[in-house]
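Hello,

Here is the structure I promised to pass on. Have a look at it first, and my notes follow below.

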Amino acid sequence: MPEKQNKGGIVSKKILVVEDEDSIRNVLEVRLKNCGFEVVTAADGEDGLNKARAEKPDLMILDLGLPKLPGEEVCRQLRNEENNVPIIMLTAKTEDVDRVVGKVLGANYYMTKPFEWTELLKKIYKYLDMEEQAESGPAPSPEA
Ligand SMILES: [Mg+2]
């Protein structure tokens, strides 16, 4: 399958967003697309795990608290399959980070919600091994 290219002719990196909160998932999808990424989304852990396997994203943003399958289990299963996709884990509380990091489950980075978009974007570029974009464009208005 040929890789998709964005308007600049640069091959788009694919990001999988697994988040059950509609508002967060939708905002991330719009913002990431505005930055030129190809975006795949899932609203529960089971769908997220399936899409991680099927879509082979370049990076995953994975919520910890998810219906059907918790984020830590999604992460654990992928690592058991020797899937080394970079995973940025979103957690609701700092205590969750301590708990999850204590389990050494294999996420690359953890962010506590509410998170700073610019900080998340920095980490995305870092784990995709891309140069940070100087300007990511104006803040997007959610599109219908
Ligand atoms: Mg959640």
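Helices (H or I, at least four residues) and strands (E, at least two) are DSSP runs, numbered from the N terminus. On that basis, the protein has five helices and five strands, and they follow the pattern β-α-β-α-β-α-β-α-β-α along the sequence.

Two notes on the source. This is a predicted model, in which local features need pLDDT of at least 70 and side-chain atom pairs count only at pLDDT 80 or more, while totals for chains, interfaces and linings use all residues. Residues are numbered from 1 along each chain as its sequence is written.

Now the core. A residue is buried if 20 or more other C-beta atoms lie within 10 Å of its own, exposed if 12 or fewer, and partly exposed in between, with C-beta atoms placed from the backbone. Of the 144 residues, 26% are buried. A nonpolar core joins buried Ala, Val, Leu, Ile, Met, Phe, Trp, Tyr and Cys residues through C-beta atoms within 7 Å. The largest one has 26 residues, and Ile-15, Val-18, Met-60, Ile-61 and Leu-62 touch the most other members. Among the elements giving two or more residues to this core are β1 (14-18), β3 (59-63) and β4 (87-91).

Finally, a helix pair. α2 and α3 pack at an angle of about 25°, their axes 9 Å apart (axes are lines fitted to C-alpha atoms, for helices over the stretch in contact, and angles run from 0 to 180 degrees between N-to-C directions).

Best wishes
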